[in-house]
Amino acid sequence: MLLGCAATALGCSDDSGSGSSGAAGTANGGTGAGAGGSASAGTAGLPGAVGGMNGGAAGSSGTSGGAGAGGSAGTSAGSGGAAGNAGAGGSGGSGGTGGAPEPTADYQLYGRWDVTHPGKAITVNSGSHITVSFSGTGISAKFDTSANTGVAPTVSFRIDDGDLIEKEIAPTLELAKGLAAAEHHVLLFVRGMSEFDSRWTPPLVSSTTFLGFDVAGGALVPKPRPKLTKIEFLGDSITEGVAVHDKGPDGQNTPNWRCDGARNYASLTAQKLGYEWRQVGFGRQGLTVGGNGGVPKAQETFNFFYAGVARDAWQADIVVINQGTNDRGTDGKTFAPLYNDFLGIVRAGYPDAKIVALRPLVGAFGTEIQAQVSARKAAGDNKIFFVDTDGWTVPSDFTDGVHPNQDGSVKISEKLAAALQALPN
């Protein structure tokens, strides 16, 4: 089944929440018990239609009408649509809010995916991933590889509770065959792409364009999107997952195989905490220097997926910033105001999120970062925090002195998960 773009009840779903809201259902008030009696609670309205890939999020359940004095009840609006119809009744208590089931979708997209092109989902960020369930004996993922004129992006995937399998993408990539005819579950990661190929201004040589799934002997099984804490990691090659491995599983030494967004510290931290996550990292990028592949500086890229495609309406509950490693060519007096400006950009984008500023793992600008966080906290931002990473790693935790290896990534994820859990509510 290929990616659909109409706003249908069983479309694929991304995590943007953008587009028009669904209409609220009607809320029916309960019948009154006579003069002076109490009215029973009305039933909640149904949610709005589920958005497809380019559609909006579903409208929330309507709130039931409460019984008003003198026999008439007021009306109450369901979130995302028109008010529900009030029920009749004598004087009594208000109606309760109902719990309609969560909307379902054929599969769920997690990460920064551009879904503005009909039938396609495009990402330039390793660590972006997709979950899908299907009933059948096999499944294939479909990709548009026409822009991948450099080294092919790699993906990793898990079928049910199996091990991660790693492959380069292809127009039709078989993920599994010969399975028992039953319901199965897939987690598909965008694993690695080359940081050196064009990845900001189209044509996006270093990108992954997903088209959908084909199922053998069955069909996709729509599932609701779980409600989880949302976290986004903003950083450079370390957050991207560059050089997690010295070589690929079969000795490959190209960047698409050495990079592993699925096994780096950001992905591991989110999985350890059970959070929904996005990881946004670009090799060589900083606040004073642009990234490889034509990527601008961090403060210029935050509000975009890539050139010409604005960041969507998705809102993080927690944002982890790991910037500064690539700015070591400048001094603290130059870096500090740039970092402060970046904090302001992130706060404007995520007004209610906890912002966690990490001391870079190489130790650069820890004093300056902490000072900017303290100044913002003193100015009234009580949801911003500094986390000192001093002592989290040793030289053997890195492949090259800068990029954490697999063991180092695990160690960092454990430390960071504990630090995030310790944050005040």
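Let me begin with a term: a residue is called buried when its relative accessible area is under 20%, exposed when that area is over 50%, and partly exposed in between, with a 1.4 Å probe and protein chains only.

What we have here is a predicted model, in which local features need pLDDT of at least 70 and side-chain atom pairs count only at pLDDT 80 or more, whereas totals for chains, interfaces and linings use all residues. Residues are numbered from 1 along each chain as its sequence is written, and side-chain values use heavy atoms, with hydrogens and water left out.

First, the overall picture. The chain has seven helices and 19 strands, where helices (H or I, at least four residues) and strands (E, at least two) are DSSP runs numbered from the N terminus. Of its 425 residues, 53% count as buried. The accessible surface is about 16,600 Å², and carbon and sulfur atoms account for 52% of it, the areas coming from the Shrake-Rupley method with a 1.4 Å probe. If we take contacts (heavy atoms within 4.5 Å) between residues at least 6 apart in sequence, 75% of them join residues at least 24 apart.

Now to the salt bridges, each defined as a side-chain nitrogen of Lys or Arg within 4 Å of a carboxyl oxygen of Asp or Glu. The search of the whole structure finds 15 of them.

One of these joins the side chains of Arg199 and Glu240, at 2.9 Å from N to O. Arg199 sits in the loop between β9 (182–192) and β10 (208–216), while Glu240 belongs to helix α1 (residues 237–240), so the pair ties together parts that are 41 residues apart in sequence. Arg199 is buried at 0% relative accessible area, and Glu240 is buried as well, at 1%.

Another salt bridge brings us back to Arg347, whose side chain meets that of Asp381 at 2.9 Å, N to O. Because Asp381 lies in the loop between α6 (366–378) and β19 (384–387) and Arg347 in helix α5 (residues 332–349), this pair ties together parts that are 34 residues apart in sequence. Asp381 counts as buried, at 14% relative accessibility.

A further pair is Asp260 and Arg263, whose side chains meet at 3.1 Å, N to O. Here Asp260 is buried at 0%, but Arg263 is partly exposed at 22%. Both take part in a network of salt bridges that also includes Glu166 and Arg191.

Next, the sheet. Four strands form an open sheet in the order β3-β10-β5-β8, with antiparallel pairing, and two strands pair if DSSP finds at least two bridges between them. The edge strands, each pairing on one side only, are β3 (121–123) and β8 (172–176). From one strand to the next the twist averages 35°, with axes fitted as lines to C-alpha atoms, for helices over the stretch in contact, and angles running from 0 to 180 degrees between N-to-C directions. Within this sheet, strand β5 (residues 138–143) is joined to β10 by six bridges, the two running antiparallel, and Ser140 stands opposite Asp214 in β10.

Finally, a loop residue: Val289, between β14 (276–282) and α4 (298–301), is buried at 16%. Leaving aside neighbours within four places in sequence, Val289 contacts Arg284, Lys297, Asn326 and Asp327. Asn326 is 37 residues from Val289 along the chain, yet their C-alpha atoms are separated by 7.3 Å.
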